[in-house]
Every structure is written in C-alpha cells, then in structure tokens.
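Thanks for asking me to look this one over.

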Amino acid sequence: MRASQYLIATLKETPADAEIISHQLMLRAGLIRKLASGLYTWLPTGLRVLRKVERIVREEMNFAGAQEVLMPAVQPAELWQESGRWDMYGGELLRFKDRHDREFCFGPTHEEVITNLASTEIKSYKQLPLNFYQIQTKFRDETRPRFGVMRAREFIMKDAYSFHVDDASLEQTYQIMFQAYTNIFTRLGLGFRLVEADTGSIGGNTSHEFHVLADSGEDAIAVCDKYEYAANVELAEARAPAPGTEKSKDLVEHDTPSIETIEEISQYLKVSADKTVKTLIVVGVDGLVALVIRGDHELNTVKAEKHSLIAAPLEFATEQLLKTFLSIKPGSIGPVGLNIPVIVDRSAAALKNFICGANQDDKHLSNVNWDRDTVIEEIVDLRKVIAGDICARAGDDSSDGAKLSIKRGIEVGHIFQLGVKYSTAMNARCLDQNGKAITMPMGCYGIGISRIVAAAIEQNHDDKGIIWPSAIAPFEVVIVTIGYKKSEAVRAKADALYQKINELGIDVLLDDRNERPGIMFADAELMGIPHRLVIGDRGLEKGVIEYKARDKADSEDIPLNKLEQSLATLITRS
C-alpha cells in the first residue's frame with residue numbers, strides 16, 4: 001500500500017473524552033472514529049489489525065476441528081422466551097418490534113440460536129461431537145459505554161458452541177478449546193493468564209477466563225505465582241484460617257450511642273477491625289438469612305448468591321423488613337440470639353472473643369464466642385480475598401510466595417461447560433447408541449475480537465504510540481522516503497524495494513507522501529509499525545538504508561547488498 005493512496009488519519013492531540021491509553025491511541029493512530037456512544041467506525045488501519053486477529057482465531061479454531069457458521073444478528077423473542085432469558089437478561093438486551101408487531105432482539109450472544117439449530121439438525125449420537133463457531137457483530141446496550149472499543153455497545157466477537165453425547169465428550173472438547181485459546185493468545189503476542197471464573201448469566205458449571213494483564217484492566221484477579229493459581233476475585237478463595245486458641249472471656253455488653261460502623265466501633269472500643277464481625281441480613285428463599293463476615297472483610301456477593309438458602313439475585317433486607325421481622329435496625333445487628341439461619345464466613349468462624357452488635361439499639365457485645373453464645377447454621381467461604389491472603393492451594397505453606405496478589409486484567413476470552421441448561425429448555429435432543437433420546441450437553445467458547453485490539457495496545461505502547469506485536473500489526477514494514485518526489489534515485493530504489501517486500505508476502509506501507517521526514521517518522525511510530533526502513537540520497541550515496549525496529553531506541557545502517565538477507569532475519573512472522 002502506498003501512503004499517497006491510503007487514509008492515514010493520525011491526530012496530534014488526544015481527544016478529551018478518551019480515558020485510557022488504548023482509546024487514546026486508537027483515535028490518535030487513526031484506527032477508529034466515534035459515531036455515537038459505544039459505536040465506532042473502523043478505519044482502514046484499524047480494520048487491518050482486526051482482520052489479522054480474526055485470521056489467527058479462524059486458523060486455530062479450524063485446526064481444533066470447529067466448523068464456521070454465520071447466524072443472524074437479529075433474533076426472535078420466542079427463542080429467548082423458550083430459554084427463559086427474555087426477562088432475565090435485563091436492559092443490556094436491545095429489544096424491538098418489526099412492522100408486524102413481532103418482538104426481536106439484537107443478539108448479545110447466540111446460545112438460543114445455535115441450540116435451536118442443533119435441535120433440528122442433530123439427530124444421532126453418530127454426528128457428535130460437533131463444534132460450531134462464528135465471527136460476528138454483537139450488541140449489548142451498556143448502561144455506561146466507556147474506554148472506546150474495550151466496553152462498547154457494538155462489538156465483534158468469536159463465539160463457539162459444542163454439542164455432545166455425554167459429559168466426558170464435553171470435557172474432552174473443553175480441553176481442546178483450552179489449548180486452542182492458549183495457541184491463539186500466544187500467536188497474537190499477548191501476555192495473558194488463565195483465570196478460574198464465575199459462569200455468570202451464561203450459566204453452566206466449569207468456566208475459565210483468559211485475561212491480558214494490564215493496569216487499566218476492569219477485572220481484579222487474585223494470583224499466586226508459586227502455585228500457578230489465578231481466579232477472578234468473584235470466585236477466588238483463600239486458605240481457611242485455623243481456629244483461635246485464646247481462652248474464652250466473659251461476655252460484656254457495651255453502650256455504644258450513635259455508633260453503627262465497624263470503623264466507629266473499632267475506635268470506640270480500641271480494637272482492630274479483624275476482632276469484630278459484621279452481620280448482613282439478606283433475603284432468602286424462605287425468609288431472611290444472616291451472613292456474618294469479619295469486620296475487615298467484604299462480602300463476596302457472587303459466592304453468597306450461590307448458597308441454596310439465599311435468593312438470587314442477592315438482595316439486602318430493607319430497614320422496614322428488619323423492623324418488621326427482627327425488631328432491629330441497621331448498626332447494632334449481631335449473630336447472638338437471631339432467630340433466622342446464621343451463615344458464617346470461615347475467617348469469622350475462626351474468631352474468639354470477638355465484638356458484634358447486640359441486636360439492641362446503641363448496644364454492642366464483646367468477648368463473644370460461637371459455641372457458647374450463638375449457633376452457626378453453616379460455615380462457608382463468603383468473603384472477597386485480599387492481597388496477602390494465603391493461597392487456597394498452599395497447604396501448610398505460609399511463605400511470601402504462597403500469598404495472593406491482586407492484579408488487573410482485561411478479559412479477552414471465556415470458555416464454559418454449559419451442561420444441559422439450554423438444551424433442556426429448548427429440547428435439543430438426539431438418539432444415543434441404544435436408540436434412547438438424550439439431552440445434549442453443551443460447551444460455549446467466546447473471544448472478544450475487537451477488545452483484543454485494545455488489550456494489545458494496553459500491553460504494548462510507549463510515549464510515541466503503539467508497539468504492535470508483528471502478528472497483528474497493520475503493516476509489518478514501513479518504507480519512509482526522503483525526497484520521493486524530487487530524487488529519481490530515491491524513487492527508483494523505494495519502488496523496487498516496495499515490490500520486493502510485497503513479493504515476499506510481507507505487509508508493507510510505502511510512505512511516498514510529500515511530507516517532512518519528522519511527520520512520516522511520527523506517524524509510523526504512532527501507528528506502531530514494527531520495522532522502519534529509511535531511503536534517502538545521503539544513504540544511497542553510502543550504499544546503505546537506515547533500519548529501526550519500533551521497540552528499539554537506536555537505528556542501524558544496513559548495506560544495500562545485504563538488505564534482503566537482513567530483512568529475512570529481522571522480520572519474524574506469526
């Protein structure tokens with residue numbers, strides 16, 4: 001491609017509404033332009049990157065035995081009503097009616113459509129397993145679109161769905177997809193971590209996320225490098241502490257006027273927050289339920305919501321409910337004497353002589369002990385992990401290497417073992433080897449294609465612009481010409497080199513614009529092109545061409561008679 005015939009839409013200034021570096025650089029490097037909130041046009045440079053990501057994803061999916069299909073973006077409401085998600089999915093589902101007053105949605109995902117297809121096309125176990133994938137536009141009506149394509153309303157996704165005769169087959173395909181995803185992100189040149197994850201609204205049992213580690217990541221990840229453990233904080237587990245060994249003290253009641261928070265009670269009684277507990281009352285499936293966690297910890301609502309006694313979605317009891325059913329108000333609630341189920345976090349259950357509310361206004365208790373003063377319905381893991389917790393896999397190891405750290409990650413891939421959630425609801429059945437109708441277990445495997453572009457920039461940039469991994473760079477080489485319009489020698493050499501590099505199958509941009517060298521250099525660096533060749537009369541007189549790698553500070557001269565050999569060494573292909 002010649003720059004004189006190509007839209008180089010670089011910007012000198014950073015747009016005011018671009019918050020994170022990838023959004024800033026995608027706008028400045030001319031990859032995207034905003035059309036409306038959460039909606040972006042992909043310009044030629046951005047689309048070249050996007051297509052290269054798609055190519056790698058396709059190659060690995062095909063190699064893993066998946067078959068590409070293309071499903072409609074617009075989906076009939078009946079399918080979502082059949083699965084039970086039409087009302088459950090919420091405001092992110094863009095719903096509309098056609099001219100015949102029939103309800104549709106713009107698909108945020110395609111479990112319903114693919115399951116409907118499987119229910120009509122798969123008749124026998126002999127056809128299984130089958131794995132279908134597509135690369136297609138999705139739409140989720142985000143409440144607050146932000147960070148450019150990182151959290152846009154319209155985005156491009158690769159979604160795949162597999163169907164099986166039994167759970168053993170599902171597990172086998174899950175492992176194949178696990179390896180395919182590892183291959184994809186490795187080829188893309190990204191630093192990533194595999195993370196144990198919650199299945200969320202998609203449903204299912206086993207779930208793993210692939211995260212690109214970056215300071216701007218929206219997801220918090222608990223990591224233990226020593227035991228190769230990583231989990232989303234919604235799911236992460238720390239090692240349960242050993243029970244306290246101190247002797248029980250006599251129970252004491254304290255007047256605590258106008259004191260309601262853990263911080264206030266800690267200061268008032270001159271104790272640290274880890275010697276207190278907080279009791280949270282939530283709505284259960286059959287009345288109210290008390291959740292007790294240590295005062296310095298936070299409730300993990302995802303963990304709590306999974307408990308069989310607790311209604312989903314998790315809902316905290318209102319002040320009116322507390323007054324009506326427990327005759328107490330927030331601020332002085334504790335587990336002693338409660339006539340509702342009391343579920344206690346493991347860290348809180350290990351406490352001795354702790355402080356809690358007395359279930360009387362302006363009263364607290366100290367030296368409370370579980371066996372003596374109150375009854376525990378169940379001890380479970382209810383809290384969010386924090387940095388410094390001991391990894392759940394550490395056993396007796398309490399060394400620094402066994403402690404969890406909290407890192408930020410950008411989710412770029414997610415794989416699920418869905419089980420029979422959708423195939424049961426939508427009657428996706430086939431005959432097994434005995435002629436018996438069985439419900440087909442399913443797997444689901446997603447990759448955020450457009451999000452990968454932003455994630456790669458978050459991980460690969462400097463103060464001059466993007467530094468693309470070669471596999472997804474819009475161009476691998478840029479030829480910058482000094483005096484292309486004025487010097488016949490420069491023009492002849494540049495054209496010949498441009499043709500030669502093209503013949504080698506390498507994406508090359510010939511900057512033949514009538515611009516100052518500084519502008520051409522700045523554009524090449526901002527766009528992140530990995531390899532730069534500079535051709536000018538001065539270098540040609542010396543028999544050299546200047547070469548500079550985008551990720552290196554210094555340039556070097558390459559003799560013209562060794563240029564082709566040097567390029568083959570310097571330019572590594574994915």
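1. Let me begin with accessibility: a residue is called buried under 20% relative accessible area, exposed over 50%, and partly exposed in between, using a 1.4 Å probe and protein chains only. Please keep in mind that this is a predicted model, in which local features need pLDDT of at least 70, side-chain atom pairs count only at pLDDT 80 or more, and totals for chains, interfaces and linings use all residues. Residues are numbered from 1 along each chain as its sequence is written, and side-chain values use heavy atoms, with hydrogens and water left out.

2. D17 sits in the segment before helix 1 (21-28) and K34 in strand 1 (residues 32-36), so the bridge ties together parts that are 17 residues apart in sequence. Helices (H or I, at least four residues) and strands (E, at least two) are DSSP runs, numbered from the N terminus.

3. How many salt bridges does a search of the whole structure find? The search gives 38. Among the linked residues are R51, E54, R58 and E68, which belong to a network of salt bridges. Side chains of opposite charge can pair when their charged atoms come close.

4. R513 forms a salt bridge with D511, the closest N and O atoms being 2.9 Å apart, and another with D523, at 3.0 Å from N to O. D523 belongs to helix 15 (residues 517-527), while R513 lies in the loop between strand 27 (508-511) and helix 15, 10 residues apart. Are these residues buried or exposed? R513 is buried, at 16% relative accessibility; D511 is buried at 3%, and D523 is buried at 9%.

5. Now for the nonpolar interior. A nonpolar core here is a set of buried Ala, Val, Leu, Ile, Met, Phe, Trp, Tyr and Cys residues joined through side-chain atoms within 4.5 Å. The largest one has 53 residues, and those with the most contacts inside it are M26, L31, Y181, F185, L188, V453 and W468. Helix 13 (residues 449-459) supplies the largest share of this core, 7 residues. Apart from it lies another core, of 27 residues, among them W86, A118, L128 and Y422.

6. Leaving out residues up to four places away in sequence, V453 touches M26, L31, W42, V49, L50, V53 and W468, where contact means heavy atoms within 4.5 Å.

7. Two further buried positions are worth a look. A230 lies in strand 12 (residues 229-232) and counts as buried because its relative accessibility is 5%. Not counting residues up to four places away in sequence, A230 touches R193, L194, V195, E196, I221, A222 and V223. G295 is in the loop between strand 15 (287-294) and helix 8 (301-305), and is buried at 8%. Leaving aside neighbours within four places in sequence, G295 is in contact with I262, A273, T276, V277 and K278.

Key
A salt bridge is a side-chain nitrogen of Lys or Arg within 4 Å of a carboxyl oxygen of Asp or Glu.
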